[in-house]
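Biologist: I am new to this structure and would like to learn how to read it. Could we take the features one at a time?

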Amino acid sequence: MQIPLQVNFEGSDPSEPVRVAIEREVERLEKHNSQIIGCRVAVIAPSHKHRHGRGFRVHISLTVPPHENVIVNHAPSDDNRYEHVEVAVKDAFASARRQLDDLSQQN
């Protein structure tokens, strides 16, 4: 990637194991699509004030020419697995790969 990976944690302290997992997923994504020049990831912890939305959310913004940005907003369902940040990260990057596949099929 030409632009360094940016990882932000919202509503929780930064986690080195999660950051490493994200770096691994980004490397895998780069092998999947070599056109990626930038990636920003936001890991959003669940709010304890509300009963809905109890799982982690992961937002991924990819810069992939000729498309300016590919945005993946991965919000949890009522599935309890999303209470684990690693599951949310893995599923969000799987969604990003599918979205990149869809874009490459359009071209």
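Modeller: We start with confidence. pLDDT is the predictor's confidence in each residue, from 0 to 100. It applies here because this is a predicted model. The mean pLDDT of the protein is 85, and 84% of the residues reach 70 or more.

Biologist: Which elements have the lowest and the highest mean pLDDT?

Modeller: Among the elements, strand β4 has the lowest mean, 78. Strand β1 has the highest, 96.

Biologist: How many helices and strands does the protein have, and in what order do the elements run?

Modeller: There are two helices and four strands. Starting at the N terminus, the order is β-α-β-β-β-α.

Biologist: How do I check a helix against its expected span?

Modeller: The expected span of a helix is 1.5 Å times one less than its number of residues. Helix α1 covers residues 16-32, which is 17 residues, so its span should be 24 Å.

Biologist: What makes a residue buried or exposed?

Modeller: A residue with under 20% relative accessible area is buried, one with over 50% is exposed, and anything in between is partly exposed. By that rule, 40% of the 107 residues in the protein are buried. The accessible surface of the protein comes to about 6800 Å², and carbon and sulfur atoms hold 46% of that surface.

Biologist: Which residues of α1 are buried?

Modeller: They are V18, A21, I22, E25, V26 and L29. These residues cover an arc of only 140 degrees around the axis, so they lie on the same side of α1. The face turned away from that buried side carries the exposed residues P17, R24 and K31.

Biologist: What is the general idea behind a nonpolar core?

Modeller: In soluble globular proteins, nonpolar side chains tend to be buried together. In this model the largest nonpolar core has 26 residues. Those with the most contacts inside this core are I22, V41, I60, L62 and F93.

Biologist: Which elements each supply at least two residues of this core?

Modeller: They are β1 (6-10), α1, β2 (38-44), β3 (57-64), β4 (67-74) and α2 (85-106). The largest share, eight residues, comes from α2.

Biologist: Could you take me through some single residues, starting with the core?

Modeller: I22 is found in helix α1. I22 counts as buried because its relative accessible area is 0%. Not counting residues up to four places away in sequence, I22 touches L5, V7, V41, V43, V89 and F93.

Biologist: What is V41 in contact with, leaving aside its neighbours within four places in sequence?

Modeller: The contacts of V41 are L5, Q6, V7, N8, I22, V58, H59, I60 and F93.

Biologist: And where is V26 found?

Modeller: V26 is in helix α1. Its relative accessibility is 5%, so V26 counts as buried. Leaving aside neighbours within four places in sequence, V26 is in contact with M1, L5, C39 and F93. The C-alpha atoms of V26 and M1 are separated by 9.6 Å, and the two residues are 25 residues apart along the chain.

Biologist: What about a residue of the other helix?

Modeller: S95 has its place in helix α2. With 18% relative accessibility, S95 counts as buried, because the cut-off is under 20%. Leaving aside neighbours within four places in sequence, S95 is in contact with V72 and H74.

Biologist: How should I read residues in loops?

Modeller: The same cut-offs apply: between buried and exposed comes partly exposed. R54 is found in the loop between β2 and β3. At 40% relative accessibility, R54 is therefore partly exposed. The C-alpha atoms of R54 and E83 are separated by 6.8 Å, with the residues 29 apart along the chain. H84 is found in the loop between β4 and α2. H84 has 48% relative accessibility and so counts as partly exposed. H84 and A45 are 39 residues apart in sequence and 9.9 Å apart in space, C-alpha to C-alpha.

Biologist: What share of contacts joins residues 24 or more positions apart?

Modeller: Of the contacts in the protein with a separation of 6 or more, such residues account for 55%.

Technical notes: Residues are numbered from 1 along each chain as its sequence is written. This is a predicted model: local features need pLDDT of at least 70, side-chain atom pairs count only at pLDDT 80 or more; totals for chains, interfaces and linings use all residues. Side-chain values use heavy atoms; hydrogens and water are left out. Buried means under 20% relative accessible area, exposed over 50%, partly exposed in between (1.4 Å probe, protein chains only). The arc is that of the directions from the helix axis to the C-beta atoms. A nonpolar core is a set of buried Ala, Val, Leu, Ile, Met, Phe, Trp, Tyr and Cys residues joined through side-chain atoms within 4.5 Å. Contact means heavy atoms within 4.5 Å. Accessible areas come from the Shrake-Rupley method with a 1.4 Å probe; for residues, only the protein chains shown count as cover.
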